[in-house]
Amino acid sequence: MGPFSRLRVIDLSPHRVGAQISQLFADFGADVIQVEPPGGAEIRQHAAYPFWARGKRSIVLDIHDDADRATLRDLVRHADVFIETHQPGVLDGIGLGYDALSELNPRLVYTSVTGWGRESPYRDVPGYEGAVMAKLGVFHTFRRMSPHAAPPFVNVPFASFPASQV
């Protein structure tokens, strides 16, 4: 039992940021359903996956399949929060964007986290950790830590963690 024990959360994010967001909901008692693609989410390959997945249920759905999209819509009808981390427009194109899902469930809190935002000139650039940190200047900041001329690659997720906490 926890303060979110009456909430149902649908996590359609295939990456760590969404997993961290839904992990927080699960830790506070929400019923979290992680939607994974056929073959499982790529984050299952990370050593931290058991940490990110704790307290969640999982379902495998192919969002490009009509029947599986219908199943996802049924889940959304009874959800409180929907989390997604796809590039802008991807889910709109298959009927799973904010407009379509809020019509099914007007009280749904639709959470969309992108690397660059929906209005940015970079909106269509994949927002993976290394690209976001490069744009933020993180590698340049750490350049004095390396004896090499090129900036070092910093593999601490300085971009993902704060993105999941906003």
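Buried means a relative accessible area under 20%, exposed means over 50%, and partly exposed covers the range in between. The exercises below apply these cut-offs and others to a predicted model.

**Exercise 1. Classify Phe4 and Phe28 by accessibility, then describe the ring pair they form.**

Solution. Step 1: Phe4 has 28% relative accessibility, so Phe4 is partly exposed. Step 2: Phe28, at 37%, is also partly exposed. Step 3: the structure holds four aromatic pairs. One of them joins Phe4 and Phe28, with 5.7 Å centre to centre and 55° between the planes, and is tilted. The reason is the cut-offs: planes under 30 degrees apart count as stacked and those over 60 as edge-to-face, so the rest are tilted. Step 4: Phe4 lies in the segment before strand E1 (8-11), and Phe28 in the loop between helix H1 (16-27) and strand E2 (31-36), so the pair ties together parts 24 residues apart in sequence. Step 5: Phe4 and Phe28 belong to one aromatic cluster with Phe25.

**Exercise 2. Carry out the analysis for the aromatic pair of Tyr98 and Tyr110.**

Solution. Step 1: the ring centres of Tyr98 and Tyr110 are 5.8 Å apart and the planes make 85°, an edge-to-face pair. Step 2: Tyr98 sits in helix H4 (residues 98-104) and Tyr110 in strand E5, twelve residues apart, and the pair links distant parts of the chain. Step 3: Tyr98 has a relative accessible area of 45% and is therefore partly exposed. Tyr110, at 16%, counts as buried.

**Exercise 3. Determine the strand order of the sheet and identify its edges.**

Solution. Step 1: the five strands form an open sheet in the order E3-E2-E1-E4-E5, with parallel pairing. Step 2: strand E3 (56-60) and E5 are the edge strands, each pairing on one side only. Step 3: from one strand to the next, the twist averages 20°. Step 4: E2 and E3 run parallel and are joined by five bridges. In this part of the sheet, Val32 stands opposite Lys56 of E3.

**Exercise 4. Is His86 buried or exposed, and which residues does it touch?**

Solution. Step 1: His86 is in the loop between strand E4 (81-84) and H4. Step 2: its relative accessible area is 16%, so His86 is buried. Step 3: not counting residues up to four places away in sequence, His86 touches Leu12, Pro14, Ile63, Leu91, Val113 and Thr114.

**Exercise 5. Describe the length, placement and burial of H1.**

Solution. Step 1: H1 has twelve residues and reaches 16 Å from its first C-alpha to its last, close to the 16 Å expected at 1.5 Å a residue. Step 2: H1 lies across E1, E2, E3 and E4, and runs at about 155° to E4. Step 3: nine of the twelve residues of H1 are buried, which leaves the helix mostly covered. Among the buried residues are Val17, Ala19, Ile21 and Phe25. Step 4: Gly29, with a positive phi near 100°, follows H1.

Key:
Residues numbered from 1 in each chain as written. Predicted model: local features only at pLDDT ≥ 70, side-chain atom pairs only at ≥ 80, totals over all residues. Heavy atoms only, no water. Phe/Tyr/Trp six-rings, centres within 6.5 Å; stacked < 30°, edge-to-face > 60°. Helix = DSSP H or I, 4+ residues; strand = E, 2+ residues; numbered from the N terminus. Buried < 20%, exposed > 50% of the residue type's maximum accessible area, 1.4 Å probe, protein only. Contact = heavy atoms within 4.5 Å. Pairing = 2+ DSSP bridges. Axes fitted to C-alpha atoms, helices over the stretch in contact; angles between N-to-C directions. Expected span 1.5 Å × (residues − 1).
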